[in-house]
Amino acid sequence: SQLGVLLGGRVAERLLMGDISTGALDDLQRATKIAVDKILAYGMGKNAGQLAFKPNERNDGRAWMAYSEELHSKVEAEARDLVNKAYEHTLKTLGGKSAELKKLADLLLERKEVAKSDIVAILGERPAGSK
């Protein structure tokens, strides 16, 4: 899932370095926004009901929220759960490939960027049917 991809760098830091840095902050913010948008903008949440709220790019405090504090708490909890589940899934997935992850990390540190061919050389081709 897109959340798992966004959390991959953060998970890799945890696995390889035993801690996280601020490097994956943008990815974490994007993952959080996707989770909140899924619930509020697209009406795909379990707790918000069949409602959709126009995304508000202004982050100026409670006055700009078009929904109640109660709903905000529910959305926040559900978004946290979505991101946490994606994090745990990504942790399990990458944790099972620690040797390959280490090779990719070493190559990235050496070259500063990796190409698809580098990834395929280390991980192999993607399974049939995956996007």
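Tutor: Buried means under 20% relative accessible area, exposed means over 50%, and partly exposed lies in between (1.4 Å probe, protein chains only). This is a predicted model: local features need pLDDT of at least 70, side-chain atom pairs count only at pLDDT 80 or more, and totals for chains, interfaces and linings use all residues. Residues are numbered from 1 along each chain as its sequence is written, and side-chain values use heavy atoms, leaving out hydrogens and water.

Student: Is Asp 26 buried, partly exposed or exposed?

Tutor: Its relative accessibility is 44%. Asp 26 therefore counts as partly exposed.

Student: How far apart are N and O in the salt bridge of Arg 30 and Asp 26?

Tutor: A salt bridge puts a side-chain nitrogen of Lys or Arg within 4 Å of a carboxyl oxygen of Asp or Glu. Arg 30 and Asp 26 are 4 residues apart in helix α2 (a DSSP run of H or I, at least four residues), so about one helical turn separates them. Their N to O distance is 3.7 Å.

Student: Which residue forms a salt bridge with Arg 80?

Tutor: Arg 80 is partly exposed, at 45% relative accessible area. The closest N and O atoms are 3.4 Å apart. The partner is Glu 76.

Student: What is the relative accessible area of Lys 102?

Tutor: Lys 102 forms a salt bridge with Asp 106 in helix α4 (residues 98-111). The closest N and O atoms are 2.9 Å apart. Lys 102 is partly exposed because its relative accessible area is 43%.

Note on methods
Helices (H or I, at least four residues) and strands (E, at least two) are DSSP runs, numbered from the N terminus.
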